[in-house]
Amino acid sequence: MRQYPNGIAKRQKLGGAHRCRARNQEPWAGKCDNPVSSIACETGCCIAPLKKCHGAVVTVTPMKDNNIYSMTGYASVTRDIAHADGAAGASVSVELRTVNSRFLDLAFRMPEEARACEPSLRESLTAKLSRGKVDIRINVQRPESGTNGALNLEAVKQLADLEQQVLVYFPDAERMRTGEILRWPGVLGEESVTAEALRDAVIDAGRAAIGDLVDVRRREGAQLKTSLIERIEKMETILTGLQPLVPDLIARHQQKIVDRLQEALGVVVPEGSAAPSKEEVAERIRQEVTIYGVRIDVAEELTRLDAHLKETRHILDKGGLVGKRLDFMMQELNREANTLGSKAASKELADASMELKLYIEQMREQVQNLE
């Protein structure tokens, strides 16, 4: 058994599974629940230190999600926080807006009293979203009469003492007004909600909003998938109609070339040169027709277009994070459609190329919104 400097035993791969060489176990897929005696690798299998036993093996069930998600969505959740005496304390609202972006970009707008909730919400968002620009707005609204009307004399005395201390150093400073004193936190009654209650409410509202946002993005992603499948089917119909026509189109254009070459070579003869024989004319025609036939043959482009469409459909059926892969497929489809148009030797092929590029551009616009 190979010993590594950090005391980790090498894992041995057996037929797609892994065998723990520390205990010579059978291949398994799981993770040791002993954080001291094992380290989980990216496949979920165990890398065991030497001369240490494992804990119980916990089966790892990877999450599979065949849904497709849009990067645009909106969700808003409000939570009310009641005061200890049952009176209205505060209202917390969390609003999420997402638009498409190459990466995950989180922008928080919240009052300072809710700033402590940002790490928890950021962790929840990164666990659910992978791409998109997310605007998170958190508002905390307190009732205007969020006090019991009782004057907190202790707070007033402390405020007066603080003012006197300031006046010692700034004797010309303006004195506090009555309205400012009454609005000072803690002067009228107690705080409507505690910091802990506020934090719990913001996190609860945030997680609920994230769940609603994911549902919205999933529903819109399903609609986009339906739209993309419809365009794939239309493009497949175009290709199915073109494939039987290609041999006949090539034959017709080759015949046109033969007729034109026969007419030209039979009439135009350079001065002082002997007229070519029939065999030479036929050989020259055969060469030109062959070159032209290879140049206008679009069977290869049609085959690649069909393969790209099948792969695009496979990506959509598989689901998950499909945005970047589909964007690449749109580039390949557009390249083949352009080649088809450049080699088009008939109106049918030119029209088909234009129609294909129209559908591809429509799909590209939709793909830009997929996560």
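Mentor: Start with Ile 360, which lies in helix α9 (residues 347–367). Helices (H or I, at least four residues) and strands (E, at least two) are DSSP runs, numbered from the N terminus. One caution: this is a predicted model, so local features need pLDDT of at least 70 and side-chain atom pairs count only at pLDDT 80 or more, while totals for chains, interfaces and linings use all residues. Residues are numbered from 1 along each chain as its sequence is written, and side-chain values use heavy atoms, with hydrogens and water left out.

Trainee: Is Ile 360 buried or exposed?

Mentor: Learn the scale. Buried means under 20% relative accessible area, exposed means over 50%, and partly exposed is in between (1.4 Å probe, protein chains only). Ile 360 has 0% relative accessibility, so it counts as buried.

Trainee: Which residues is Ile 360 in contact with, leaving aside neighbours within four places in sequence?

Mentor: Contact means heavy atoms within 4.5 Å. Ile 360 has Met 235, Met 330, Leu 333, Asn 334 and Ala 337 as its partners beyond those neighbours. Take Ala 337: 23 residues separate it from Ile 360 in sequence, and the C-alpha atoms are 8.8 Å apart in space.

Trainee: How do I read a pair of helices?

Mentor: Look at the axes. They are lines fitted to C-alpha atoms, for helices over the stretch in contact, and angles run from 0 to 180 degrees between N-to-C directions. Helix α7 (residues 299–318) and helix α8 (residues 323–342) have axes that come within 10 Å and cross at roughly 160 degrees. Angles under 35 degrees count as roughly parallel, over 145 as roughly antiparallel, 65 to 115 as roughly perpendicular and the rest as oblique. Therefore α7 and α8 are roughly antiparallel to each other.

Trainee: What classes of residue make the contact of α7 with α8?

Mentor: The classes first. Ala, Val, Leu, Ile, Met, Phe, Trp, Tyr, Cys and Pro count as nonpolar; Asp, Glu, Lys and Arg as charged; the others, Gly among them, as polar. The contact includes Leu 305 and Leu 309 of α7, and Met 330 and Leu 333 of α8. By class it has eleven nonpolar, three polar and seven charged residues.

Trainee: What about α4 and α7?

Mentor: Helix α4 (residues 195–242) and α7 have axes that come within 10 Å and cross at roughly 160 degrees. So α4 and α7 are roughly antiparallel to each other. Among the residues that meet are Leu 228 and Met 235 in α4, and Leu 305 and Leu 309 in α7. That contact divides into ten nonpolar, one polar and six charged residues.

Trainee: Which side chain forms a polar contact with that of Ser 227?

Mentor: A polar contact is a pair of N or O atoms within 3.5 Å; within protein, one must be able to donate a hydrogen and the other to accept it, and residues adjacent in sequence count only if both atoms are side-chain atoms. Ser 227 is in helix α4. Its side chain joins that of Arg 231 in a polar contact of 2.6 Å. Ser 227 counts as buried, at 15% relative accessibility.

Trainee: Where is Thr 98 found?

Mentor: In strand β8 (residues 88–99). Thr 98 is buried, with a relative accessible area of 4%. A polar atom of its side chain lies 2.9 Å from the backbone nitrogen of Gly 73.

Trainee: How many helices and strands does the protein chain have?

Mentor: Nine helices and ten strands. Of its 371 residues, 35% are buried.
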